[in-house]
Amino acid sequence: QVQLVESGGGSVQAGGSLRLSCAAAGYIYSRYCMGWFRQAPGKEREAVAAIATLGGSTYYADSVKGRFTISQDNAKNTLYLQMNILKPEDTAMYYCAASQSPRCLLFALDKVGYNYWGQGTQVTVSS
């Protein structure tokens, strides 16, 4: 059974940094992409960043470009999200996800293509 477990969330002041981690327990067969998504109260879940498992191409939402960096360590089966210059509007539950569909290589930031999800880690940014 595959599990994605996020960690690293917390409370920081605006301008601060956090690093999220996502450990995959179990092997995800034909994993094409990994991604980070977030959901604030009363809002839809939105994409933050994604990475192609092979090749390492990265994709970012406009709202986080230049501030967030997604990376992966395939040997450790771990996904990361380095978040810098955090803003109050970054406050949300952050979820790690994996896609087994090659469709994600064209639509990496579309949550529809992701079929494995973690439980989330809360990020709160105060002004």
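## Ring pairs

Three aromatic pairs are counted here, where rings of Phe, Tyr and Trp (its six-membered ring) pair if their centres lie within 6.5 Å; planes under 30 degrees apart count as stacked, over 60 as edge-to-face and the rest as tilted. Phe-37 and Tyr-114 form an edge-to-face pair, because their ring centres are 5.0 Å apart and their planes stand at 70°. Phe-37 belongs to strand β4 (residues 33-39) and Tyr-114 to the loop between β9 (92-99) and β10 (116-117), so this pair ties together parts 77 residues apart in sequence. Strands here are DSSP runs of E, at least two residues long, numbered from the N terminus.

Phe-37 also pairs with Trp-117: the centres are 5.0 Å apart and the planes at 55°, so this pair is tilted. It links strand β4, with Phe-37, to strand β10, with Trp-117, 80 residues apart.

## Burial

Phe-37 and Tyr-114 are both buried, and Phe-37 has a relative accessible area of 0%. Trp-117, at 27% relative accessibility, is partly exposed. Buried means under 20% relative accessible area, exposed over 50%, and partly exposed in between (1.4 Å probe, protein chains only).

## Charges over rings

Arg-45 lies over the face of Trp-117, 4.9 Å from the ring centre. Likewise, the charged end of Arg-19 sits over the ring of Tyr-80, 4.0 Å from its centre. A charge sits over a ring if NZ of Lys or CZ of Arg is within 6 Å of the ring centre and within 35 degrees of the ring normal.

## About the model

This is a predicted model: local features need pLDDT of at least 70, side-chain atom pairs count only at pLDDT 80 or more, and totals for chains, interfaces and linings use all residues. Residues are numbered from 1 along each chain as its sequence is written, and side-chain values use heavy atoms, leaving out hydrogens and water.

Key. Helix = DSSP H or I, 4+ residues; strand = E, 2+ residues; numbered from the N terminus.
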